Amino acid sequence: MKHPNRESHKLVGQTAAAGFQIGVRRTFPLSPEKVWSFLTSPEGTQLWLGTVPSLAFNEGEIFASEEGISGELRVVKPLKQLRLKWGKENWMKPSTLQIRLLSSHPDRTTISFHQENLDHPNTREQMKLHWESVLSAIWQNTSTVNDEEEMGKDE
């Protein structure tokens with residue numbers, strides 16, 4: 001039991017065994033199929049991996065982007081989850097990144113980015129801002145698709 005007068009020395013996002021972690025998520029008015037299709041398309045991949053040669057999204061596949069992001073796909077569960085080693089060229093060791101698609105409705109999907117094994121609270125904060133920016137970019141890129149589909153329904 002924790003003593004009420006003792007301060008915790010644990011920092012926000014710090015884990016006992018996996019360094020620092022961050023999680024961000026956003027819900028989109030799209031089916032898991034549409035979200036998966038976008039995330040694994042060249043346009044979608046550009047947003048979260050950078051400029052990489054076309055990926056087949058197979059477990060064990062290695063990637064390196066022109067922007068200095070590299071890693072390896074570890075788990076690929078279509079329409080559900082990607083788990084990969086993900087690191088920047090100046091990092092001492094890669095992190096673990098999980099992208100999950102969460103949906104209990106056919107036309108609504110939450111994209112969750114969870115990254116662990118980050119080395120420092122500053123890295124955690126940088127990655128929090130990065131993944132929030134990625135989710136905003138995904139929103140911008142997919143909301144035009146939604147608008148076009150809605151317009152087509154009225155015609």
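**Strand pairing, aromatic pairs and the core**

Colleague: Which residue in β6 is the bridge partner of H105?

Modeller: The bridge partner of H105 in β6 is R108. Strands here are DSSP runs of E with at least two residues, helices are runs of H or I with at least four, and both are numbered from the N terminus. This is a predicted model, in which local features need pLDDT of at least 70 and side-chain atom pairs count only at pLDDT 80 or more, while totals for chains, interfaces and linings use all residues. Residues are numbered from 1 along each chain as its sequence is written, and side-chain values use heavy atoms, with hydrogens and water left out.

Colleague: How many bridges join β5 to β6?

Modeller: Eight bridges join β5 (residues 95–105) to β6 (residues 108–118), and the two strands run antiparallel. They form a hairpin with two residues between them. L97 stands opposite Q115 in β6. Two strands are said to pair if DSSP finds at least two bridges between them.

Colleague: And what about β1 and β6?

Modeller: β1 and β6 also pair in the antiparallel sense, over eight bridges. R25 stands opposite S112 in β6.

Colleague: What is the order of strands in the open sheet?

Modeller: The six strands follow the order β1-β6-β5-β4-β3-β2, with antiparallel pairing. The edge strands, β1 (20–28) and β2 (62–64), each pair on one side only. Neighbouring strands are turned by 20° against each other on average, direction ignored.

Colleague: Which helix packs on the sheet?

Modeller: Helix α1 (residues 32–39) packs on the sheet and touches β3 (69–77), β4 (81–88), β5 and β6. The direction of α1 makes about 155° with that of β5. Axes are lines fitted to C-alpha atoms, for helices over the stretch in contact, and angles run from 0 to 180 degrees between N-to-C directions. Contact means heavy atoms within 4.5 Å.

Colleague: Why is β6 largely enclosed?

Modeller: Eight of the eleven residues of β6 are buried, so the rest of the structure largely encloses this strand. Buried means under 20% relative accessible area, exposed over 50%, and partly exposed in between (1.4 Å probe, protein chains only).

Colleague: Switching to T96: is T96 buried or exposed?

Modeller: T96, in strand β5, is buried, with a relative accessible area of 14%. The side chains of T96 and N117 are joined by a polar contact of 3.1 Å. Such a contact is a pair of N or O atoms within 3.5 Å; within protein, one must be able to donate a hydrogen and the other to accept it, and residues adjacent in sequence count only if both atoms are side-chain atoms.

Colleague: How many aromatic pairs are there?

Modeller: A search of the whole structure finds five. F28 and W139 form a tilted one, at 5.5 Å centre to centre with 45° between the planes. Rings of Phe, Tyr and Trp (its six-membered ring) pair if their centres lie within 6.5 Å; planes under 30 degrees apart count as stacked, over 60 as edge-to-face and the rest as tilted. F28 is in strand β1 and W139 in helix α3 (residues 121–154), 111 residues apart. F28 is buried at 1%, whereas W139 is partly exposed at 29%.

Colleague: Which residues touch the most other members of the largest nonpolar core?

Modeller: Of its 33 residues, they are W48, L49, L84, W86, I111, F113 and W131. A nonpolar core is a set of buried Ala, Val, Leu, Ile, Met, Phe, Trp, Tyr and Cys residues joined through side-chain atoms within 4.5 Å. The largest share, five residues, comes from α3.
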